[in-house]
Structures are given as C-alpha cells and as structure tokens.
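Welcome! Please keep the view open as you read.

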Amino acid sequence: MMFRLRSNSHHDQKNDQVQSKIKELRPAMGPLSGRALQYCTDACLRRYLEARNWNMDKSKKMLEETLKWRSAYKPEEIRWHEVAVEGETGKLYRASFRDRNGRTVLILKPGLQNTKSIDNQMRHLVYLIENAILNLPEGQEQMSWLIDFSGWTLSTSVPVKSAKDTVNILQSHYPERLAVAFLYNPPRIFEAFWKIVKYFLDTKTFQKVKFVYPKNKDSMEVMRSYFDEQNLPTEFGGKANLQYDHEEFSKLMVEDDIKAAKLWGFDDKCQCESNEYSKDEVGPERISIAPPAG
C-alpha cells in the first residue's frame, strides 16, 4: 500500500511539473489567434516540450517553426480530391484497423509509387498524417506506420531528398506523433538507401524504427506485441486478407474532409468541394502544388 501511495505521489509530482512547463511555454509563445491558437492545445505544447527534452527555448523555437510552416503550407486545407491521384495504387492509406493501443495505422507501400511530382507526393503524405490524427481515439495522440517493401527497388525508390523531406516534416512538425514504424522485409539493397536516410533521423525517431523479417522470430514477436495477428494484413505476416479499394477509400476521405473542415472552421468551402467529388468517381481534377515550407 505504501508503495502504491508513493508511486501515485511521484506520478502527481511529474504531472505538476509538466503542467508548470506548459504554463511557462504558453505566454512565451506570445499572443496567438485563429488556427495557431486552436493548434496550440496543452497536449500539443506537451509534445513539443517532450520532443526537445523539456528545454523551454528549444521547444519554443520548434513550435514557432511549425506555426510558420502550417501558415504557409496549410496542411488542414488540403482536400482529398487534390491528392487522390497519389492514392490510386494504395501506396499510402489509413488502415481500417488500429494497433493494440488504439493508435491509427498508416500503411505505406513504396513499391507502388505511381507519380513523379515530389511536391504532390508530400502533400499526400501530409494529408494522411493529418487524417490519421483526425481519427485518433480520445486520449491517444500517436500513430503507427507499417511499411511493406514488396516490389521495392532502388530505381522505384523515392529520391533521397524526398526521404529527407518526409523525415523533416514528421520530426519537425509532428513531434511525438509517431509511436513506431515497422519496416517489413526490406530487400538487401535497401541497406544502401537506409545508410543515407538514417543520418536524417534524430535519436528518438531512430529508436522508433523497427526492421521486421518474416524468418526472424524475434522481430515478428516485436511486431505482434503491437498488432493483433487477426487484424494484421497477410503481406505483414498476419491473418487479415485486406485489399485496398480506391473508390471506397475516397468516399471515406471525402467524409473526413467535411469533419476536418468543421474542426478548423471552414464548413462551406469544403461542403461545396466535397459534394463535387462525392460521386462514384472521385478523381483528381485539380492538383495543387504546395508552396515551399516557410
């Protein structure tokens, strides 16, 4: 009993310290309004503090850079019809299942790359990160990534710059959002690519990347500690036979666009655009290329 009381008091003490840091960071950010204010919830401030080991100046700088980036890139305004062409092959989509902790799961299949515009590929990725966050259950802040390397070759791989941009966006503007990324059965040739990419990863992100090989029992056990085998697709060594259906997924994303618009407070614009694309054929009639990050 004594141990439990002590443990609770230690927990309360830690919570008080966290709250105190959040209260310190909020005024340090200066006056915020509009979407910046909406973005900077207590949970958000905590993620930035955690990402910078509770260093006030570094956390503030990191958050300021994200607010600048969000103001220029406008991730919350990207709509499915703008990036739908990127999703046609199912190279990146939100899974219909969650991991054992209730986290949203993104499935990436880099071997199914189908477009040339790196700008629009990035917008597609950012759109789905925002979508994964939109679909998190209450009390859960992180997502899991499952990356399937079937069909991946060096010639079909994303350029190193694109990989660097992906890492940068995830680390700099979505801190503490990734719980784990499983790289499933990467071919031996991937090692050369990985040697370059891992230099862009900070220590925290690097530790979240797990290599899984079907013949390596230990690595499979680690993955199964995160996922129920019944939910896990067969291409990741699980038992679920899931097929990506672009038309069905598009309908889902159009519904989520309406949800996102309500959340960020621009219902009308989205309503009219989403109606235009909620017919059976959800096509990329207009592709916007993102402005450079701020």
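In this predicted model, helix α7 gives the lining of the largest cavity its largest share, 6 residues. A cavity here is a set of points, on a 1 Å grid over the protein atoms alone, where a 1.4 Å probe fits but cannot get out, and lining residues have an atom within 4 Å of a point. Helices (H or I, at least four residues) and strands (E, at least two) are DSSP runs, numbered from the N terminus.

**The largest cavity**
- The largest cavity has a volume of about 710 Å³, where a volume is the space filled by probe spheres set on the grid points, which are joined across faces, edges and corners.
- Its lining is made up of 33 residues, and L108, W145, I147, V158 and T166 lie nearest the centre.
- At least two lining residues come from each of α6, β3, α7 (160-173), β4 and α8 (190-197).
- Sorted by class, this lining holds 22 nonpolar, 8 polar and 3 charged residues; Ala, Val, Leu, Ile, Met, Phe, Trp, Tyr, Cys and Pro count as nonpolar, Asp, Glu, Lys and Arg as charged, and the others, Gly among them, as polar.

**The second largest cavity**
- The lining of the second largest cavity divides into 6 nonpolar, 2 polar and 6 charged residues.

**The largest pocket**
- A pocket, unlike a cavity, is an open set of points with protein on both sides within 12 Å along at least five of seven lines.
- The largest pocket has a volume of about 530 Å³.
- Among its 25 lining residues, E130, I133, R177, L263 and W264 lie nearest the centre.
- Two or more lining residues come from each of α2 (34-39), α3 (42-51), α6 (118-134) and α11 (246-264).
- By class, 12 residues of the pocket lining are nonpolar, 4 are polar and 9 are charged.

- Why is strand β4 largely enclosed by the rest of the structure? All 7 of the 7 residues in β4 (residues 178-184) are buried, so the strand is largely enclosed; buried means under 20% relative accessible area, with a 1.4 Å probe and protein chains only.
- Strand β3 (residues 143-148) pairs with β4 in the parallel sense over 6 bridges; two strands pair if DSSP finds at least two bridges between them.
- I147 has L183 in β4 as its bridge partner.
- Strand β5 (residues 209-212) also pairs with β4 in the parallel sense, over 4 bridges, and A181 stands opposite V209 in β5.

**The chain as a whole**
- The protein chain has 12 helices and 5 strands, and 46% of its 294 residues are buried.
- Of the contacts (heavy atoms within 4.5 Å) between residues at least 6 apart in sequence, 76% join residues at least 24 apart.
- The chain exposes about 15,600 Å², with 52% supplied by carbon and sulfur atoms; accessible areas come from the Shrake-Rupley method with a 1.4 Å probe.

**Reading the numbers**
- Residues are numbered from 1 along each chain as its sequence is written, and side-chain values use heavy atoms, with hydrogens and water left out.
- Local features need pLDDT of at least 70 and side-chain atom pairs count only at pLDDT 80 or more, while totals for chains, interfaces and linings use all residues.

How values were computed: Buried means under 20% relative accessible area, exposed over 50%, partly exposed in between (1.4 Å probe, protein chains only).
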